[in-house]
Structures are given as C-alpha cells and as structure tokens.
Amino acid sequence: LEKDLVIAIDGPAGAGKSTVAKIIAERLGYIYIDTGAMYRALTLKVLNQAYDLEDEKKLGTLAENTDIKLVKAGEDNLVLLDGEDVTAEIRDNKVSNNVSVVAKVAKVREEMVKLQRQMAQSGGVVMDGRDIGTVVLPDADIKIFLTASVEERAQRRYDELIDKGEDVDLEQIKGEIIRRDDIDKNREVAPLTEAEDAIYVDTTKLDIGQVVEEILNICQEV
Ligand code: CDP
Ligand code: CDP
C-alpha cells in the first residue's frame, strides 16, 4: 500500500469484526483498536461496583474517572482497566448482556470517542466498533460494514462459548444478540448504522480468510 490507511469496520455482534480487523492489522503492520473492548471494560467496572445502570449521570462521571488502555503485548492485545488486566473478564456473558445499556449514555460515548481519536492519530490503524465510520473517524480512508444473518452470528458466538467450556443455549444466545443489536441500533447517540460511504460485506457464507482477502483487495484499490 502506498500510504498508511485508516480503516473503519462497523457492524453487529458476531459479524467477525474483531477477528478480521486483528488479522488485517497484522498483515498491514497497523495497530488494531477494539473499541468494543473499551465499552466492555467500563461495563465490567460498573457491574463490579454495583452501580445503578439507569443512573446516566453517575455512569458519565465514572467514565470520566476511569483509565482504559489497550496495549499490545507480543501477539496479545491486552485491555487494562485502571491498570488491571481485564482482557479475559470483559468477554463474560454478564458483560455482553449489560454493555449496550452503558454504551448508550451520551457522556460515556463522549469520553470513549475522545480516547479512540487520540489512538488513531498516527494513521495506519484498523478500528472496529459500531460508530467508527459514522462518528469516530468520519474521514477514514476505508469504511466497511460487516454483517451476517442473525442465525449465523448466533451460531458463531455459541461455538465460541462452547469452545471455552461454557454451558450455553443457542436460542438464548440468539435472543441476547437480537436484544443487544436492537439497543445499539435504536439509541439516540451514535446508533449502529451503515455509513453512506461504507462498503457492505455480508459474511454469512464466507470464512475468515475470505473476508480478510476481500477487505485487503478493497485496500489495494484505494
Ligand atoms: O464483539 P461483540 O460484537 O460482541 O461486541 P463488541 O464489539 O465487543 O461491543 C460490545 C458493545 O459495546 C456493543 O454491543 C455496543 O453496545 C458497544 N459498542 C458501541 O456502542 N460502540 C462501539 N464503537 C463499540 C462497541
Ligand atoms: O467482533 P464481532 O462480534 O463482529 O465478531 P468476532 O468476535 O470477530 O467473531 C465471532 C466468531 O465468529 C469468532 O469465533 C470468529 O472466529 C467467528 N467467525 C467465523 O466463524 N466466520 C467469519 N467469517 C468471521 C468470524
């Protein structure tokens, strides 16, 4: 590639964003920024401190006073919450099922977006989330809207949890994904939606390698 690109990848849960974004960043020597991990880290703190999820003012203040860092340690991308490694914990289903409620608070988003823009300043970044192409990095060189059928996305998340040894039910996972997507799409601030200039990629019938190749081809064309 002739220059360091800024690549934004948005889409619903289980579309393959983080898996694909991470591989693309490795292949291009770019940094990968997982914005969902930031909302998850804050949500973990909210749950651990037994905050009232309805108290938006308190959640906003908490976001201002929380230190969230994404650091690369060899192959791994670590998530630090107030200096503590929470990389594994933020994937718990309890966090997944509460994160959208925290992420719809305007002040929370303001704080996270500020951090995300700072991290992307250098260029040569792949950032994934829900509002990257629309709000966080509207001038991104490449915007991808990655999606797949809800059945496929639920199946992927199910397989992942089964692999981790968790006892889960496919229909329940599907219901949780539908609920989370619904909150993300219908919130007032920065809802999940396709940017006008995004390229739509349906991954329902594609494996990870095929999606990576498709996006790298798009990068070559730019
Ligand atoms: O990986 P998964 O699709 O389960 O979700 P994630 O990317 O880790 O994001 C978790 C949640 O954080 C989403 O469901 C959104 O509620 C929120 N989020 C957001 O609001 N904006 C972003 N840019 C990224 C995540
Ligand atoms: O970040 P997001 O929620 O969009 O999805 P992910 O966490 O990257 O992917 C969810 C799961 O689906 C992972 O276990 C991936 O390995 C898997 N996946 C897949 O099977 N086929 C794809 N084309 C993309 C992801």
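Start by selecting Gly11: leaving aside neighbours within four places in sequence, you will find Gly11 in contact with Lys17, Gly129, Arg130, Phe145, Leu146 and Leu192. Keep in mind as you look around that this is a predicted model.

Now bring in the secondary structure. Gly11 sits in the loop between β1 (6–10) and α1 (17–28). Is Gly11 buried or exposed? Gly11 has a relative accessible area of 0%, so Gly11 is buried, the cut-off being under 20%.

Next, select Gly14, which also belongs to the loop between β1 and α1. Its relative accessibility is 11%, and that counts as buried too. Which residues does Gly14 touch, not counting those up to four places away in sequence? Three arginines: Arg153, Arg156 and Arg157.

Now colour a whole stretch. The UniProt record (an unreviewed entry) gives the feature "binding site" at Gly11, Pro12, Ala13, Gly14, Ala15, Gly16, Lys17, Ser18 and Thr19.

Select β3, β4 and β5: they form an open sheet of 3 strands, in the order β3-β4-β5, with antiparallel pairing. The edge strands are β3 (68–73) and β5 (84–85), each of which pairs on one side only. Strands of a sheet pair through backbone hydrogen bonds.

Zoom in on β4 (residues 76–81) and β5. These two run antiparallel and are joined by 2 bridges. To finish, pick Leu80 and look across to β5, where its bridge partner is Asp85.

Note on methods:
Residues are numbered from 1 along each chain as its sequence is written. Chains are lettered from A and ligands numbered from 1 in the order in which they are written. This is a predicted model: local features need pLDDT of at least 70, side-chain atom pairs count only at pLDDT 80 or more; totals for chains, interfaces and linings use all residues. Side-chain values use heavy atoms; hydrogens and water are left out. Two strands pair if DSSP finds at least two bridges between them. Helices (H or I, at least four residues) and strands (E, at least two) are DSSP runs, numbered from the N terminus. UniProt positions are given in the numbering used here, feature names are shortened, and annotations may be inferred rather than shown by experiment. Buried means under 20% relative accessible area, exposed over 50%, partly exposed in between (1.4 Å probe, protein chains only). Contact means heavy atoms within 4.5 Å.
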